[in-house]
Every structure is written in structure tokens, then in C-alpha cells.
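Here is a briefing on helix packing, strand pairing and a chain contact. Please look over the structure first.

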Amino acid sequence: MSAAPAVVAEGLSKVFRPPSGFGEMLRGRFHGRPIPALTQVSFSVGPGEIVCVMGPNGAGKSTLVRILGGLLLPSSGIARVCGVDAQTGGSAFRRRVAFVVGDERSFHYRVSGRANLHYFAALHGLSAGEARRRAAALLDRVGLTAAADRRYQEYSRGMRQRLALARGLLAEPEVLLLDEPTLGLDPRGARDLRAFLRDDVIRKPGRTAIVCSNDPSEARALADRVLFLEAGKLHADAPPDRIEAELGL
Amino acid sequence: MTWFVRVMLAFIRRELSALGGYRAAFIIRMLGLVMAVASLVFLSRFVGAAANPHLASYGSNYLGFMVLGVLGAEFQQVGVSGLAQRIRTSQMMGTLEAEIATPAPPWMVLGAPPMYEFGAAALRSAAYLIAATLLLGLDLTLANWLTVALAIPLVVAAFSGLGLLAAGTTMLVRRLNPVAMVIGSLSFFLSGVLYPVTVLPDWLRAVGRLLPLTHTLAVLRGALLVGASPAALADSFVALMIFAGVLAPLGAAVFAFALRRARTDGSLSHY
């Protein structure tokens, strides 16, 4: 008997309704034109599997991982991670799933990388002592020990990405959701981070991972499978050697 | 509860660590406070000399009247604007989504900053009162500290309720805090921050009674300037209880709705 899937998406759709302009409001219309971001997306991911989500800008990749991470509510459909509904799972859900965002704005600029990790460790419920130990171990693991006490604003792009990864591992999650983890890194930095991600962070502890990326080399380096999104629709679920064909490269 | 204390302590450590980067701003703020106190002293000399009958119920202590008015208004400002300002900044900086993605419940993520701000405001107020007493001759010998201690939780609950309401509105309209602007302006005008409410026409005094700051100032001034007991200030205590009982759950409901809206329209990560 095969193990239960770690991630299940069933008929996920998302339509954004931006607020209308002032003139529209005067005419009684409070929302602008609906923008469909995802349409009936269904798939599942097995435990320990690494799945890459690819597609052009605006295809719905970030929307999909945000829904799977419980940060965005779908318009319809169900997302389950580790058997827990992402929409209603609350704290128990967020202990098992980590959302690692490539957005470098997600830390406090004026304090050190270490202090940032201590604060997020407290939000994970760790005591001050545990937070110190865990932060030190993770900083070492992502190669930031020497820079741990420098302010975040002094970090390079690659250091910021690695700190985001360390934050994602604070709670030892079962599932990692990574949104463009090597965005903006130089080729060598991106290659090293991918190797670290694949071998140390995902494969070794047997984690499940969903990685959003626009980069075929990233998908080839990391993924067991690739989901291709196009205008919010899942148009292919294929092995990495089909990337060029599916993307029309 | 232990979890919240951990978050609170981690937040305080982080804020203190960040303060190191704002030394100049900190010094300028302290200088501003010193000048504000000094101007109150000269104003009180000027106004106090007139032996104004409106100040009789405050022991004719205009310096005390003014200092407590300013402190009460600052407390309200912290409560009403603190959380909303924090949410706006977090959305703009992009930290809100990362914090909400942790296992900590949203109330814990967003509760620590205003608690810190209330604590800091209380310390500032204490320093202000001690400095005004020792250096400027503020007379607090009649103060009834029991009355103050009983009032503080009600004041914090009422202002926190307003704060949640303001924060929820900020998230919904994605602009800085219309509730805080309206409450702040009305309170400054009608709650007796700079002048006793007895100088207002009756109908404006009636409107002023609908504001928590009016009752907060009545309790603080009554307790600290003339030593009034809780029984003597019963009307204001009852009003503060009603404000706390209504505004805290109402604010929590509006905020929960706004958070759900942010998760629906994807605005946790942008502003």
C-alpha cells in the first residue's frame, strides 16, 4: 500500500477582486475586474518528493504556494498538507509546513541575522535557550556563523536567501514550500544553494518540498517532477527532462 | 501564556537591539520631551496666575492638569495608533506575511508590539511625572495610587479595543488609520487634554463623554491631583468598564474579519 500524499490540491481556484477606483465606487462598484489567478488546479505530492512548479510570470506559481502555505484563501477547492486543511489548520498546520519566501523584505533590517532568527524562534514557541541553540546551529548549517551578528541590511542577496532558509527550518517542518529560493543569486551561489537544499535540507531528513521557479536549471537540479502552470491552469505534470519541450524552449 | 511571554521578551530584545541604530532619533525625542515639559511649566505659570475657577476641582494645579492631559493623550495615541502603525509598517516592509506564517496565532504576532508600546509609554509617563515632581514642583502629595491602579487595566482594555478597530480598518482600507485620525482629533478637542471640559458648551460636553479619553483624564486627574477614591469617580469608572467591555470584543471581531480579508485578497504581503 502506498503512503498517503504529503500535499493534495483538489480543484484549487483563485480569483482576485481588486478594489475599484473612486469613480467606480461612486457608481456602486466596489471591485474592479476579477482577475483569475488559478483555475481548477489538482495534483498530489508524495512524501519525500521534490516537485517544482514552473511557468511564466503571472502563471499563478506564488498564488499556489501561498494557498498551500495557508497564507492565502482559495476561492474554491481544497488544499491539504500532511492531511491538514491549509485553510483552517491554524498553528498545528503551520508547525508542519514552512513557507520560505525569496522576498528579501521579510526580515527586520535594523537587527542582526541572529536576532531576527531569535525573534522568529520565539514565534515558533521555542524558549530563549532553545532559540539560541537552534539559531546557532542553523546559522552554522547555512554558512552564516561569521556574519550572524551583522545587521540584516548589510547582508548580500545570497546571505538573505540563506537566512530565509534557516528561518524555514526553525521548526523542523515536514513540508517546505519555497518560492524562488535562488532568485537574484549569481550562478555559483545559486548552484551551491541548490545542492545544499537538495542534499542537506530536503533529501537527508526525507522532507517533501514544493519549489516555485522560473529557472530550468533549478528544476533539473532539484525536482523529481515538474508541474507546469500556464495562465493559472495546470497544463502538464512531467519529469524534469520534459522541461524544454513543455516550456517551448 | 508562556509562549506569549517568550514572544514578548524576544520582541523587546529585538526592539532594544534595533534602538542602537536610532541613537540620534532617540536623543532628539528626549530633547523634544524636555522642551515640551518646559513649555508646560511656563504655560502653567501664565494660566495658573489667573486662578481660573474651572481648575478648582483639580486643586487649581494647572501644571498637573496639563501634564496628565498630555500623558493621557499619549497613552491613547499608543493604543489607537500603535497596532495600526505596526501593521502598516509590517505590510510595507514585508515582515507581516513571514510572521503570520509561523505557528504563533495572529493575536500573539500582533499583540506583542502594542503591549511593548504600552509598557514603554507607562515608563515614559512615570519618568515624566517623577521629573515634573522633582524638578518642576508638580504636587502629587494627595495622589490616590489605588484608584490609578484600578483604572489602568480598564484604560488599556478600552484603548486596545480602539487600537484593534483602527488596525482592522487600516488593513481593510490600506491607508493609515482613519479611526485613529478621527478619534485623535475628536479627543484632543473634546476630552479636555489642554483645557477642562467645563469650558465646553453642554452639547459638546455630551459628545465628549462618548470618548474614552474624557473618562481616562477624569480618573487620572481626580486620583493624582485631589486623591479621589474609585467611589468618588464611579461615573467615569462605569464608563471605562463599558468602553472596555464593548470596544475590546468589537475591535477583536473587526480585526479578525480584516485578517481574513487580507488572506483572501493576498494583501498580507503588500500594502
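A crossing is left-handed if the near helix is turned anticlockwise from the far one by less than a right angle, and right-handed if clockwise. The model is predicted: local features need pLDDT of at least 70, side-chain atom pairs count only at pLDDT 80 or more, and totals for chains, interfaces and linings use all residues. Residues are numbered from 1 along each chain as its sequence is written, while chains are lettered from A and ligands numbered from 1 in the order in which they are written. Helices (H or I, at least four residues) and strands (E, at least two) are DSSP runs, numbered from the N terminus.

**Helices 4 and 6 of chain A**

- The crossing of helix 4 and helix 6 of chain A is right-handed.
- Helix 4 (residues 113-123) and helix 6 (residues 157-168) of chain A have axes that come within 10 Å and cross at roughly 25°. Axes are lines fitted to C-alpha atoms, for helices over the stretch in contact, and angles run from 0 to 180 degrees between N-to-C directions.
- That angle makes helix 4 of chain A roughly parallel to helix 6 of chain A. Under 35 degrees counts as roughly parallel, over 145 as roughly antiparallel, 65 to 115 as roughly perpendicular and the rest as oblique.
- Helix 4 of chain A contributes Gly113(A), Asn116(A), Leu117(A) and Phe120(A) to the contact, and helix 6 of chain A contributes Leu163(A), Ala166(A) and Arg167(A). Contact means C-beta atoms, placed from the backbone, within 7 Å.
- These residues divide into 4 nonpolar, 2 polar and 1 charged. Ala, Val, Leu, Ile, Met, Phe, Trp, Tyr, Cys and Pro count as nonpolar, Asp, Glu, Lys and Arg as charged, and the others, Gly among them, as polar.

**Sheet of chain A**

- An open, antiparallel sheet of 4 strands has the order 2-1-4-5 in chain A. Strands pair if DSSP finds at least two bridges between them.
- Its edges are strand 2 (35-45) and strand 5 (84-85) of chain A, each pairing on one side only.
- Strand 1 (residues 7-16) and strand 4 (residues 76-81) of chain A run antiparallel, joined by 5 bridges.
- Ser13(A) faces Ser76(A) of strand 4 of chain A.

**Contact of chains A and B**

- Chain B gives 29 residues and chain A gives 28.
- Helix 1 of chain B supplies the largest share of chain B's side, 10 residues.
- That side of chain B has 15 nonpolar, 7 polar and 7 charged residues.

**Helices 1 and 5 of chain B**

- Helix 1 and helix 5 (residues 106-136) of chain B pack at about 55°, with axes 9 Å apart.
- Helix 1 of chain B is therefore oblique to helix 5 of chain B.

How values were computed
Contact = placed C-beta atoms within 7 Å.
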